[in-house]
Amino acid sequence: MARYLFTNGTIITMEHEDDQHTACAVIDDVIAGTGTISEMKKLLVSDFVEVDMHGGVLLPGFTDCHLHMVLSSFFTMNLDLAKVASVKELLTIVRDRTGEVEPGKWLLGMRFREDDYKEGRMPTLLELDEAAPKNPLVLLRYDGHSALVNTLALNAAGITIDTPDPEGGVIGKKDGKLIGVLKELAIQPVISAMPIPEMEEFRRGSMEFVQRLLSYGIVCVHNILQTGEDGPSGGLGPFEVPIFKLFESEIPISSYPLIAAPDAAEAVKVIIEQFGGEKKDGRVCGGALKMFADGTFGSRTAYFTEDYHDQPGERGMLVKNLEFLKQLIFSAHDEGVQVAVHAIGDRGVAEMVDIFLEAQKSLGKKGLRHRIEHAGMIAPELFSKIREAELILSFQPSFIVSEGSWMKTRVGERLSRVYPIRSAIDGGIPVCGGSDSPIEDPNVMAGVWGTVIRDGFTADQALSVFEALSLYTRWAAFASFQEGLRGTITPGLPADLVVLDKNPLTVPPESLRDILVMRTVIGGETVWE
């Protein structure tokens, strides 16, 4: 029987802010107790291993409530353009990569952000063709809702100047010519044209990404998986569930599936047959249906009630028509499965809230804890409706970290309505936090820093450090019906834990993102150190 005593540090149970101790006992894979060192030694009796935290802090292991596991593994094998500062630098990176691969091999880059480029623009189609003359090239914007592609990629996807915009998407054109920019659902044909990587290559990417998650103290993910091509994974989508299942036994991190499927019945089937879910008391336990309503701030496709501040006349879009979204939510509510719907613009969020309210009034309250993912902009008067609809707001603090330098240019004086986590909490609305990896880095402590400091955003929506940590612990557990399984250091719960080198409740807030994970524990065993 394995016994561990965590000492020489602070135990923050996350049950409430003042519940702190000097020791924690673990027996086998379960938390046995918290208290003083002498109390825990009596509990363990003998033959225990003492884990010296070197003055650090023990917290419940973190949960990322919005993450694309297979897509993140896929992108791990490709170019990361997050730190590129100019068009010139981006093109140089592409040219260098073309020299490393054979002609015809697809090149994929991710997380470019043109707002901060020195030239103040995206590269042109001509520049992309010159940088990659023999390789189809796809560069995904950091939000995943716009792409830059060269002519070879356009040709492979069958996109010409005569190709009409798909419903919920835009093919960039100017002066009767393609410009190499695709938005929203217009990206799917190009992604679908890309070849699927070899399984061993995928496995390497998967294991590398898992180690990265563990290094951030993440022990559970709300894992977005597609069943078809409708979604950000495109042609990879139909393979996501089988690919994940292929490597699942090698992944120590728990997975709560958010299944992007064409209808509620298929999502329920996958949750039950592939992930061990069950239908109990009229509710599907073990996963949720994932949906997409609108776009993003960065691509100016999030659905607004008023114009974008920096592009008069533009208000974004719904990526599916409203009646389709309504039918899908109604069928999911009737089926008893939780819904997690992507909605960022204030009008997009408002439309979804109205549908959830209508479903609840028509079909009854079922305690399904439906979620709005991202909840980017919310009008103050909408919070009472959100509470009435019993919704959870699933925010991505990583967006706050990355978007502060340009968000005001998009929304102007509406900045205080962007990622309004403080207003949600004060309004009695459950919240949780995630990263949307691979769109953003899943570094939890960076996300905590973002919600506390809110650099580039209004300070009135800032959280306390304890609240910020709760997004990834006890509140994250509630968002997946797992409050009896994880999220706090409570006797009887699985020993899924993280040791930090400093106490986030006592360090200067500015240094929160510099805190390091020293140890990640799953089921009582150290899986990363």
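**Entry 1: Lys-408**

I started at Lys-408, which lies in helix 14 (residues 407–411). The model I am reading is a predicted one.

**Entry 2: helix 7 and helix 8**

Next I took the pair formed by helix 7 (residues 199–215) and helix 8. I noted that their axes come within 11 Å and cross at roughly 70°. Helix 7 and helix 8 are therefore roughly perpendicular to each other, as the range for that class is 65 to 115 degrees. I recorded the crossing of helix 7 with helix 8 as right-handed. On the helix 7 side I listed Met-199, Phe-202, Arg-203, Ser-206 and Met-207 in the contact; helix 8 supplies Ile-243, Leu-246 and Phe-247. Sorted by class, the residues of this contact are 6 nonpolar, 1 polar and 1 charged.

**Entry 3: helix 8 and helix 9**

I then followed helix 8 (residues 240–247) to helix 9 (residues 264–275). Here I read an angle of about 20° between the packed helices and a distance of 12 Å between their axes. That makes helix 8 roughly parallel to helix 9, because the angle falls under 35 degrees. The crossing of helix 8 and helix 9 is right-handed. I asked which residues of helix 8 and helix 9 meet. Val-241, Phe-244 and Lys-245 come from helix 8, and they meet Val-270, Gln-274 and Phe-275 in helix 9. My tally for the contact of helix 8 with helix 9 is 4 nonpolar, 1 polar and 1 charged.

**Entry 4: nonpolar cores**

Last, I looked up the nonpolar cores. How many residues does the largest nonpolar core have? I noted 130 residues, and those with the most contacts inside this core are Phe-62, Phe-297, Met-352, Ile-372 and Leu-393. Helix 11 (residues 346–363) gives the largest share of this core, with 7 residues. Apart from this core I found another, of 18 residues, including Val-84, Leu-91, Leu-107 and Phe-112. As background, I wrote down that nonpolar side chains tend to be buried together in soluble globular proteins.

How values were computed: Residues are numbered from 1 along each chain as its sequence is written. This is a predicted model: local features need pLDDT of at least 70, side-chain atom pairs count only at pLDDT 80 or more; totals for chains, interfaces and linings use all residues. Side-chain values use heavy atoms; hydrogens and water are left out. Axes are lines fitted to C-alpha atoms, for helices over the stretch in contact, and angles run from 0 to 180 degrees between N-to-C directions. Helices (H or I, at least four residues) and strands (E, at least two) are DSSP runs, numbered from the N terminus. Angles under 35 degrees count as roughly parallel, over 145 as roughly antiparallel, 65 to 115 as roughly perpendicular and the rest as oblique. A crossing is left-handed if the near helix is turned anticlockwise from the far one by less than a right angle, and right-handed if clockwise. Contact means heavy atoms within 4.5 Å. Ala, Val, Leu, Ile, Met, Phe, Trp, Tyr, Cys and Pro count as nonpolar, Asp, Glu, Lys and Arg as charged, and the others, Gly among them, as polar. A nonpolar core is a set of buried Ala, Val, Leu, Ile, Met, Phe, Trp, Tyr and Cys residues joined through side-chain atoms within 4.5 Å. Buried means under 20% relative accessible area, exposed over 50%, partly exposed in between (1.4 Å probe, protein chains only).
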